[in-house]
Amino acid sequence: MIASTPLKRRTSLLSTIALLAFVSGSIMGCKSQQPEASSDSTSAAAPSTTAARQPVTTPPAVKKHLYSAEANPKADIAAALKQASLEHKHVILDFGGDWCGDCQVLDIYLHQSPNLELFDKNYLLVHIDIGQFDKNLDIAEKYNIPLKKGVPALAVLDADGKILYAQQAAEFGDMRYMYPASVTDFLNKWKA
């Protein structure tokens, strides 16, 4: 029994650390852990009030598989553009990862009415896996998406591949704190 006490303490400590990492990831959203280079040395970071905010929609405990690590995003984008041309739709590029709670909430909102109907009528979707902010960076750069600001990050393309919109300020990076109507407004603004 004495020999198992240090093991129990270490297991308990590891469980506590894992819980804290999960909770801090859930509270902080889906942001890159890399500091962003700033040319303005006078800007100070605002104190975090994220912990005081209550999510509108809590990310699901069981994450849906949305972003395939094996997918070929360039081929997927080309196929979506071809189909969009035939169906007179726009293409939404959704940069994110299955681990991202805010990406999961965006998917929930896209599948609720009236968003689902708006989406089905006007858009095709391409999920682009960003790994741990280390994958498909060339594609994000091509479509002017600053991943370091957070995900989900969206770009809207017309059927010819022209960028109509590229998220610049992590507009959906805190999706769990936003209402489904924010997605409705977005879909209405950029619909085909």
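This is a guided tour of a predicted model, going from the whole chain to single residues.

**Before you start**

Residues are numbered from 1 along each chain as its sequence is written. Because the model is predicted, local features need pLDDT of at least 70 and side-chain atom pairs count only at pLDDT 80 or more, while totals for chains, interfaces and linings use all residues, and side-chain values use heavy atoms, with hydrogens and water left out.

**The whole chain**

Show the chain as a cartoon, and you can follow six helices and four strands, where helices (H or I, at least four residues) and strands (E, at least two) are DSSP runs numbered from the N terminus. From the N terminus on, these elements run in the order α-α-β-α-α-β-α-β-β-α. Of the 192 residues, 39% count as buried; here buried means under 20% relative accessible area, exposed means over 50%, and partly exposed lies in between, with a 1.4 Å probe and protein chains only. If contact means heavy atoms within 4.5 Å, then among contacts between residues at least 6 apart in sequence, 74% join residues at least 24 apart.

**The sheet**

Next, select the four strands, which form an open sheet in the order β2-β1-β3-β4 with mixed pairing; two strands pair if DSSP finds at least two bridges between them. Strands of a sheet pair through backbone hydrogen bonds, either parallel or antiparallel. β2 and β4 stand at the edges, each with a single partner strand, so one side of each has no neighbour in the sheet. The twist averages 20° from one strand to the next.

Select β1 and β2 together: they pair in the parallel sense over seven bridges, and the bridge partner of histidine 90 in β2 is tyrosine 123. Although β2 is an edge strand, five of its seven residues are buried, so β2 is largely enclosed by the rest of the structure.

Then move to β3 and β4 (residues 163-166), which run antiparallel and are joined by three bridges, with leucine 157 standing opposite isoleucine 163 in β4. These two strands form a hairpin with five residues between them, and glycine 161 in the turn has a positive phi of about 90°.

**The nonpolar cores**

A nonpolar core is a set of buried Ala, Val, Leu, Ile, Met, Phe, Trp, Tyr and Cys residues joined through side-chain atoms within 4.5 Å. Select Ile77, Val91, Leu93, Phe95, Ile145, Leu147 and Val151, which touch the most other members of the largest core, a set of 27 residues. At least two residues of this core come from each of α2 (73-87), β1 (90-96), β2 (123-129), α5 (137-142) and β3 (153-157), and α2 gives the most, with four residues. A second, separate core of 17 residues includes Val105, Tyr123, Tyr165 and Leu187.

Now select helix α3 (residues 101-110) and helix α6 (residues 180-190), which pack at an angle of about 70° with their axes 9 Å apart; axes are lines fitted to C-alpha atoms, for helices over the stretch in contact, and angles run from 0 to 180 degrees between N-to-C directions. The contact is made by Leu106, Tyr109 and Leu110 of α3 and by Pro180, Val183 and Leu187 of α6.

α3 is mostly covered, since nine of its 10 residues are buried, and these buried residues pack against β1, α4, β2, β3 and α6.

**Single residues in the loops**

Zoom in on proline 114, in the loop between α3 and α4, where a cis peptide bond with omega of about 5° joins serine 113 and proline 114.

Asparagine 136, in the loop between β2 and α5, has a positive phi of about 55° although it is not a glycine, and at 18% relative accessibility asparagine 136 counts as buried. Asparagine 144, in the loop between α5 and β3, has a positive phi of about 60° and, at 44% relative accessibility, counts as partly exposed.
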